[in-house]
Amino acid sequence: MRKRPFIYVCSPLRGDIEGNIGKAIRYCRFVYTKGSIPLAPHVIFTTFLDNNIPEERKVGIEMGLDLLLKCNELWAFGKRISEEMAEKIKMAEALGLKIKRFNERCEPLEVVDGEFKS
């Protein structure tokens, strides 16, 4: 039996929440097509937590970090890294997880002179 890796899907939520959740669902589909199991806490938790209630937002972030501990890699999507995304990327680095970056079209971003370029 093949063991599929768990991939933490890291992408923005704030701002256009509905649009950003739609993008995150698309990113999950991309992860799935690559043979992995996507975990996108901001998609899952927004179905029962209200991101506009500070306590529920805080709990959602904490639970997302707990899920990161179960993952094999973190894949960050979009050129812009939000404050929340930066926190998760920093934790993934501390855990020694492989981190991959993609633009909104799920194309890999490459590092050139210390900056990500598409």
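Which element supplies the largest share of the lining of the largest pocket, and how many residues come from it?

A: The model is predicted. In it, the largest share of the lining of the largest pocket comes from α3, which supplies five residues. Helix α3 covers residues 54–68.

The pocket itself comes next. The largest pocket has a volume of about 350 Å³. It is lined by 24 residues, and those closest to its centre are L13, H42, R57, I61 and K88. Besides α3, the elements β1 (6–10), α2 (41–45) and α4 (83–95) each supply at least two residues of the lining. Sorted by class, the lining of the largest pocket holds 10 nonpolar residues, seven polar ones and seven charged ones. As a general point, rolling a probe the size of a water molecule over the atoms shows where empty space is left.

Leaving out residues up to four places away in sequence, N20 touches P12, L13 and R14. With R14 there is a further detail: the side chain of N20 reaches the backbone oxygen of R14 at 2.9 Å. N20 sits in helix α1, which covers residues 17–33. Its relative accessibility is 11%, and because buried means under 20%, N20 counts as buried. For a sense of distance, the C-alpha atoms of N20 and G96 are separated by 27 Å, and the two residues are 76 apart along the chain.

A search of the whole structure finds seven aromatic pairs. In general, a pair of aromatic rings is described by the distance of the centres and the angle of the planes. Y27 and F77 form a stacked pair, with 4.3 Å centre to centre and 5° between the planes. Another pair, F45 with F48, is edge-to-face, at 5.8 Å centre to centre and 75° between the planes. F45 counts as buried because its relative accessibility is 11%, and buried means under 20%. Ring pairs also link Y27, F30, W75, F77 and F102 into a cluster.

To return to the question, α3 gives five residues to the lining of the largest pocket, the largest share.

Note on methods:
Residues numbered from 1 in each chain as written. Predicted model: local features only at pLDDT ≥ 70, side-chain atom pairs only at ≥ 80, totals over all residues. Heavy atoms only, no water. Helix = DSSP H or I, 4+ residues; strand = E, 2+ residues; numbered from the N terminus. Buried < 20%, exposed > 50% of the residue type's maximum accessible area, 1.4 Å probe, protein only. Contact = heavy atoms within 4.5 Å. Polar contact = N/O pair within 3.5 Å; in protein donor to acceptor, adjacent residues only side chain to side chain. 1 Å grid on protein atoms, 1.4 Å probe; cavity = no way out; pocket = protein on both sides within 12 Å on 5 of 7 lines; lining within 4 Å. Points joined across faces, edges and corners; volume = space filled by probe spheres on them. Nonpolar A, V, L, I, M, F, W, Y, C, P; charged D, E, K, R; others polar. Phe/Tyr/Trp six-rings, centres within 6.5 Å; stacked < 30°, edge-to-face > 60°.
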